[in-house]
Structures are given as structure tokens and as C-alpha cells.
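I opened this model to look up its pockets first, and then the sheet and helices around them. These are my notes in the order I made them.

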Amino acid sequence: MIIGLIGFGKVSQNLVKLINSEDIRFATSKENRSQATLKSIDESNIEVLPTFRDVAVSSDILISATSPKSSVVVAEKYGKYCDGVYLDLNNISPETTFEINIHVKDMVDGAVIGKIDSDNPTIYLSGKSSRKLLFLKDFFNVKVISENIGDAARLKLLRSSYTKTLTAILIESYEIAQMHNLENEFFDIVSLSEGDDFKDKALSRINNTLKSSKRKSEELNEVIDCFSEHDLIMVNAALDKFSRL
């Protein structure tokens with residue numbers, strides 16, 4: 001089996017590390033990639049093909065793990081060349097998955113839950129061909145939600161709505177605590193209700209958000225677009241906060 005990768009960020013790099021099988025080979029391309037990505041590809045020792053079209057043609061499973069903004073473009077360019085399963089793992093809205101589904105032959109909607117570089121991530125899947133990917137349970141947690149394209153994306157966005165709004169409040173509270181030289185006491189008092197590991201998790205979440213505020217803002221925009229009929233006061237406030245970081 002050949003698993004093709006379009007995009008070689010943390011998601012793809014972690015999949016290559018976790019899916020360790022003599023029966024599975026990975027392939028990607030260096031076409032129009034940054035120097036940092038080229039280095040990551042070289043260090044991974046996976047098969048490199050001349051173009052992403054070649055990757056799509058040769059793949060039994062083609063995984064798109066790029067960014068929310070480029071997910072449809074990637075599907076338009078390469079999805080039609082893949083005769084196997086097309087698995088999208090980008091943080092996108094259900095509407096975007098519907099659009100992608102137009103351009104590919106066998107779509108599975110996927111959502112990585114938790115840290116994308118975790119040693120034991122959980123991936124939620126939806127779509128009629130989701131069960132074709134249950135063999136991945138040998139390597140990490142896989143949960144099939146339904147046969148409906150868009151369900152995994154919708155669930156992921158609901159989680160993002162909750163976690164990123166909390167993160168915005170966390171950053172704001174931490175900034176105020178720092179101004180008053182009360183950061184240690186802040187973590188101590190919140191730990192009383194949130195658990196002893198709250199400080200480590202909070203600092204990790206803050207640092208991660210500060211490093212990737214642009215990407216997280218893109219994800220919140222997807223939330224707002226998807227659930228526009230709802231009163232998203234807190235989500236909009238979180239987006240405004242991230243834009244100021």
C-alpha cells in the first residue's frame with residue numbers, strides 16, 4: 001500500500017513516524033516546497049516523486065494535510081488523479097468538505113483531535129469509505145463517526161470553538177497576572193479547580209497559540225463561517241484577541 005502525502009508539516013511527519021509497517025510505503029513530492037519542508041522530507045527517508053500529480057496517481061490513500069485555505073485548491077489540482085481514498089485532515093468547515101467532495105472520487109473527512117504531534121493521536125473519520133481506514137487502529141486511535149461527509153469537520157470545529165475561546169481567555173488572564181507579578185499565584189489558584197497539571201498545560205497552550213496565532217485565526221474563521229446562524233459572541237472575541245497577538 002502507498003500512502004501519498006500532500007503537505008509535509010507536523011501532521012504528515014507524525015503519521016510517517018507512527019505508521020510503521022513493512023506493507024505501507026509513504027510518498028510525497030518536493031514540488032514548490034520551502035527549505036524547511038525539504039529538510040523534513042530528507043530526514044524522513046520517504047519516497048520522493050517529481051510532482052504531486054505523480055503522488056496522487058500512485059497512491060492507494062492520498063492525504064491532504066496542508067492548511068484550511070489551501071484545502072480546496074489541493075483537491076481541485078490533485079484529487080481527480082487519485083483512484084484510492086482521498087483523506088482530508090485539514091481544519092475545515094463541513095461546507096468546505098462538501099466542495100472538496102466534488103473534486104475527488106472517494107472522499108473521507110478526517111479530524112485530528114488533540115496535539116497533532118502526539119504519540120497517540122485520535123483521528124475522527126466520516127464518509128462512506130471511512131471503514132477502509134480502520135486498519136490505522138493498529139497505529140493510533142481511530143473513530144468512525146458516520147457515513148456523512150462533513151460530520152468529522154463539524155465536530156472538529158465545535159471542539160476548536162470551545163478550546164480556542166478558552167485559550168483566548170487564558171492568555172488574557174495570564175497577561176493581567178504578569179502585569180501584577182501574580183503569575184505563579186494565578187496558576188496555583190486556578191489549579192485548585194482545574195487540576196495539578198494545569199500550569200504545564202496552560203503554558204504549553206499559551207506558547208503554542210503565540211507561535212501559531214495566524215493558523216488558529218484561520219480555524220476560528222472557519223468556525224464563524226460554519227455556524228454563522230448562531231450568536232458567536234465569544235468566538236468572535238477570541239478571533240479579535242488572536243489578531244492582536
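I began with the lining of the second largest pocket in this predicted model, and listed Ile6, Gly7, Glu31, Asn32, Arg33, Phe52, Thr66, Ser70, Val73, Val74, Lys77 and Tyr78. Its volume comes to about 170 Å³, and by class I noted five nonpolar, four polar and three charged residues in the lining.

Which element gives the largest share of that lining? I found that H4 does, with four residues. I then looked up where helix H4 (residues 71-78) sits, and found that it lies across strand E1 (2-6), strand E4 (61-64) and strand E5 (85-88), running at about 165° to E5.

Next I followed the sheet, which is open, has eight strands in the order E3-E2-E1-E4-E5-E6-E7-E8, and shows mixed pairing. I marked strand E3 (47-49) and strand E8 (141-146) as its edge strands, each pairing on one side only. Strand E7 (residues 122-126) runs parallel to E8 and is joined to it by five bridges, and I noted Ser146 in E8 as the bridge partner of Ser126.

The lining divides into 16 nonpolar, 17 polar and 16 charged residues, and H6 gives the most, eleven residues.

I checked the length of helix H6 (residues 151-179) as well: its 29 residues at 1.5 Å each should span 42 Å, and because its end C-alpha atoms are 42 Å apart, the two values agree. Just after H6, I noted that Asn181 takes a positive phi of about 55°.

Technical notes. Residues numbered from 1 in each chain as written. Predicted model: local features only at pLDDT ≥ 70, side-chain atom pairs only at ≥ 80, totals over all residues. Heavy atoms only, no water. Helix = DSSP H or I, 4+ residues; strand = E, 2+ residues; numbered from the N terminus. Expected span 1.5 Å × (residues − 1). Pairing = 2+ DSSP bridges. Contact = heavy atoms within 4.5 Å. Axes fitted to C-alpha atoms, helices over the stretch in contact; angles between N-to-C directions. Nonpolar A, V, L, I, M, F, W, Y, C, P; charged D, E, K, R; others polar. 1 Å grid on protein atoms, 1.4 Å probe; cavity = no way out; pocket = protein on both sides within 12 Å on 5 of 7 lines; lining within 4 Å. Points joined across faces, edges and corners; volume = space filled by probe spheres on them.
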